[in-house]
Amino acid sequence: MSSLYIKNMVCDRCKMAVEQVLRELNLHPIRIELGEVEVEENIDITTATALNSRLSTLGFALLDDRRLQTIASIKRLIIQLVHRPSTAVNQKLSHYLSSELHQDYSTLSKLFSEYEGKTIEHFYIEHRIERVKELIRYDELSLTEIALKMNYSSVAYLSSQFKSITGMTPSKFKALKSPNRQSLDKL
């Protein structure tokens with residue numbers, strides 16, 4: 001059995017694409033998560049090279065550096081947290097990441113900032129705002145409901161953070177004709 005870490009897996013469609021590549025290479029996935037895959041087989045260098053080549057055509061990459069694997073795990077946990085906000089209810093982001101990754105938060109934070117050029121908190125805020133944009137575009141929830149769903153303490157705080165990231169209020173964003181959203185793997 002082998003564990004593989006894959007960069008740029010940010011959604012369920014990514015998981016399906018990676019699964020298809022694995023199956024095309026006659027690998028048998030046991031578990032596929034964002035950024036992490038377990039397969040039944042032990043992966044040799046030839047298979048790893050072929051896999052990496054196929055994945056790169058889809059915008060993914062195998063990670064073999066332990067530090068890069070940790071960064072991918074941080075991103076995966078944050079993306080899961082943003083899309084399933086009840087995952088770590090009433091828990092600080094730092095405590096959540098530390099407990100999930102079994103590492104000191106200051107070590108995780110330093111590593112992430114070093115490689116990504118931004119803090120974990122900024123990455124988290126960017127993803128939350130992208131999710132808020134998505135929910136605004138759906139036009140199914142009020143801003144109050146979105147704030148509640150995304151665990152913001154108030155609509156005012158959500159609006160303030162939204163404006164600091166996007167340069168506009170949520171209402172102005174909603175009034176735009178074309179969505180101004182970013183792909184999650186570009187954040």
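The views below show a predicted model.

View 1. At 26% relative accessibility, Cys11 falls in the partly exposed class. Cys14 is buried, at 10%. For Cys11, the closest cysteine sulfur is that of Cys14, 3.3 Å away. The structure holds zero disulfides.

**View 2. Helix H8, end to end.** H8 runs over residues 155–166, twelve residues in total. From first C-alpha to last, the helix reaches 16 Å. That is close to the 16 Å expected at 1.5 Å a residue. Gly167 follows H8. Its phi is positive, near 85 degrees. Confidence in the protein chain is highest in H8, with a mean pLDDT of 95.

View 3. Four residues of H8 are buried: Leu158, Gln161, Phe162 and Thr166. They sit on the same side of H8, because their arc around the axis is only 115 degrees. An α-helix has 3.6 residues a turn, so residues three or four places apart point the same way. Ala156 and Ser164 are exposed. Both lie on the face turned away from the buried side of H8.

**View 4. Ser73 in helix H3.** Ser73 is found in H3, which covers residues 66–83. At 9% relative accessibility, Ser73 counts as buried. Leaving aside residues up to four places away in sequence, Ser73 touches Tyr5 and Leu101. Lys163 is 90 residues from Ser73 in sequence. In space, the two C-alpha atoms are 28 Å apart.

**View 5. Confidence along the protein chain.** The chain averages a pLDDT of 89. At least 70 is reached by 91% of the residues. Confidence is lowest in strand E4, residues 61–63, at a mean of 88. H8 marks the highest confidence, at 95.

How values were computed:
Residues numbered from 1 in each chain as written. Predicted model: local features only at pLDDT ≥ 70, side-chain atom pairs only at ≥ 80, totals over all residues. Heavy atoms only, no water. Helix = DSSP H or I, 4+ residues; strand = E, 2+ residues; numbered from the N terminus. Expected span 1.5 Å × (residues − 1). Buried < 20%, exposed > 50% of the residue type's maximum accessible area, 1.4 Å probe, protein only. Arc of directions from axis to C-beta. Disulfide = S-S within 2.5 Å. pLDDT = per-residue confidence, 0-100. Contact = heavy atoms within 4.5 Å.
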